[in-house]
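Student: I should like to learn how to read the features of a protein model, one at a time.
Tutor: Please place the structure before us, and let us proceed by question and answer.

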Amino acid sequence: MSRAFTQAAIAGIGQTEFSKESGRSELQLAAECSKSALDDAGIHPSEVDGMITFTLDGSDEIHLARCLGVKELNYTTRIPGGGAAAVATLYQAMAMINAGLCKTVLIWRAMNERSQYRFGQPHTQQAAFQPGNGTGSLLWCMPYGAQTPATWESLNSQRYMQQYGVTNEDFGMVSVLQRKHAANNPNAWFYQRPITLEDHQNSKWVVEPVLRLLDCCQESDGGVAIVVTSLDRARDGKKPAVRLPNAVQCIPYNVEVISNYYHEHDLSVMPEAEGTAAALYKQSGLKPSDFQAAMLYDAFTPQVFKQLEAFGFCGRGEARDFFKDGHCELDGSIPLNTNGGLIGEAYIHGMNNIVEGVRQVRGESVNQVAEVNNVLVTSGMAGAVLSVDD
C-alpha cells in the first residue's frame, strides 16, 4: 500500500544545563532533555513512535522509553561517526516522517564527556575499534601516536594553512567571535566571558602550529533533544513549527571524518562538506545567499574556515578574509554559531548548534538575527535547511 508524502517539521527542543560535572547519569540527562523537548512541543511521550541517537550514546532506547512513558516504538536507529552524526539524525528523522514510518521522532544525545570520560584524551580501548564506534583509520592513528581528535585535525589542516598562507592567529578570529556570542548566552559555559585575539594567542599550544587550547571545542556534560513530527502536527504544538524541508547526507569514498588523510581529493578541502553542500543546494533549490544564519560544526576552528568555503559563502582560500571583513558577525552576510557554538556554549556533539538554529527560526535566540527565513545547519557529512513556516 502506498503512503502519502508528509512534510517534516521540528516541533520541540530541549536541553539540560551544560556543565563540567553533571552529577547525574547519562540516562537521567537523556530523560531530562527529552522530557523538556516534548514539553516544548506540547506532545505527550506516549505519542513518540521513533527514536534516534548516536552509536556513541550510552543510554539505551528501551530504558529511556520506560523513563519517559513511551508506549510503542515503530522504528529506532543509531548513527555512527561522532559529531558527523548530529545533522544526520535530522536527515533520518525527516525520512521517517516523510515516508510515514513514524509520526513523532525523538532525537537525543546525552553525555558526561567531562566528568565520566574525556574525548580530548587518548582512547585506546578495544571499543574504539568496533564497527559503528569509530572509523577504520583509527587503526592507522593510535599505534603511531595520533591518539586525539586535536592531533587528527592538526594533521588534516596543515595542508590548508600551507596552501593559503593561513596562520593560527587567523583561526583565532573564530574563537573570538564565538566567545563573543557565548558571552550573551546564559546557557553557555562561557557566559559573560568573552576573549580577545591576544587571549587566544596566549593560550597554550595543543598541537603546534595549528591548534591552541582556545581553538578547541569544550568537553561538556549535558543533554540535548529534538522532536520531529509532521508539519501539521507541529502546527498544533506550543511553539511555532520549524519546517525541515531538506536534509542530506554525504560520505565520499575513502573519507574518514576528522582523520582525512587518505581521500583522493585536495587535502585543503573537506570533500564531505562539499558533497553535502552540492546535494543540499540541488535538493532545496537554495543558494548561499538564501540563508540568514549558519550553524557549522566547530569542534576545531579550522573546520569553520573549510566549511564556509565548501558551502560557497566564499571561495577556496578566502575564509580568512571573509571572516576578517565581518561577514560572520550578527549583522554580517552569514551570522555564524550565534549560541557560541561548540567552542563557546558547550560540546554536545553538535546537537546544541541544531537547537540554536531552531531558536533563530523561531525568533527566540539571545543573539537573534533579523528577518530569518532559512538557517543552514551542518555537521560536515550531513546538512539540513531549517525554515520558517509559511
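Predicted model: local features only at pLDDT ≥ 70, side-chain atom pairs only at ≥ 80, totals over all residues.

Student: Which residues of H1 are buried, and against what do they pack?
Tutor: A residue is called buried when its relative accessible area is under 20%. In H1 the buried residues are Glu 26, Leu 29, Ala 30, Ala 31, Cys 33, Ser 34, Ala 37, Leu 38, Asp 40 and Ala 41. Their packing partners are strand S1 (8-15), helix H2 (61-68), strand S4 (104-112), strand S7 (221-230) and H12.

Student: How many helices and strands are there in the protein?
Tutor: The protein has 12 helices and 11 strands. Its radius of gyration is 19 Å, close to the 21 Å that the globule rule gives for 390 residues, so the protein is as compact as a globular protein of that length. Along the principal axes, the C-alpha atoms fill a box of roughly 55 × 45 × 45 Å.

Student: What do burial and contacts show for the whole protein?
Tutor: Of the 390 residues, 58% count as buried. Among contacts between residues at least 6 apart in sequence, 76% join residues at least 24 apart. The accessible surface comes to about 15,200 Å², and carbon and sulfur atoms account for 50% of it.

Student: How many positive and negative side chains does the protein have?
Tutor: There are 30 positive and 43 negative side chains, and the centres of the two sets lie 4 Å apart.

Student: What span should helix H3 have, and how many of its residues are buried?
Tutor: The same rule of 1.5 Å a residue applies to H3, residues 85-98: its 14 residues should span 20 Å, and the end C-alpha atoms are 20 Å apart, which agrees. The helix is mostly covered, with 11 of its 14 residues buried. Among them are Val 87, Leu 90, Met 94 and Ile 97. Just after H3, Gly 100 has a positive phi of about 80°.

Student: Which elements do the buried residues of H8 pack against?
Tutor: They pack against strand S8 (242-249), helix H9 (301-310), strand S10 (374-378) and strand S11 (382-388). The buried residues of H8 include Pro 271, Ala 277, Leu 280 and Tyr 281. Just after this helix, Gly 285 takes a positive phi of about 75°.

Student: Is Val 242 buried or exposed?
Tutor: The test is again the cut-off of 20%. Val 242, which is found in strand S8, has 1% relative accessibility and therefore counts as buried. Leaving aside neighbours within four places in sequence, Val 242 is in contact with Ala 9, Ile 10, Val 358, Val 361, Arg 362, Leu 386 and Ser 387.

Student: Where is Asn 187, and which residues does Asn 187 touch?
Tutor: Asn 187 lies in the loop between helix H5 (168-182) and helix H6 (197-202). At 36% relative accessibility, Asn 187 counts as partly exposed. Not counting residues up to four places away in sequence, Asn 187 touches Gln 15, Phe 18, Glu 345 and Arg 359.

Student: What is the phi of Asn 337, and is Asn 337 buried or exposed?
Tutor: Asn 337 is not a glycine, although its phi is positive, about 40°. Asn 337 sits in the loop between helix H10 (319-324) and helix H11 (341-344), and its relative accessible area of 0% makes it buried. Glu 371, likewise not a glycine, has a positive phi of about 55°; Glu 371 counts as exposed, at 73% relative accessibility.

Student: Which residues does a cis peptide bond join?
Tutor: The bond is read from omega, which is about 5° between Glu 208 and Pro 209. Pro 209 is placed in the loop between strand S5 (205-207) and strand S6 (211-212).

Key: Residues numbered from 1 in each chain as written. Heavy atoms only, no water. Helix = DSSP H or I, 4+ residues; strand = E, 2+ residues; numbered from the N terminus. Rg over C-alpha atoms; globule rule 2.2 N^0.38 Å. Buried < 20%, exposed > 50% of the residue type's maximum accessible area, 1.4 Å probe, protein only. Contact = heavy atoms within 4.5 Å. Areas by Shrake-Rupley, 256 points an atom, 1.4 Å probe, with all protein chains shown as cover. Lys, Arg positive; Asp, Glu negative; His and termini not counted. Charge placed at Lys NZ, Arg CZ, Asp CG, Glu CD. Expected span 1.5 Å × (residues − 1).
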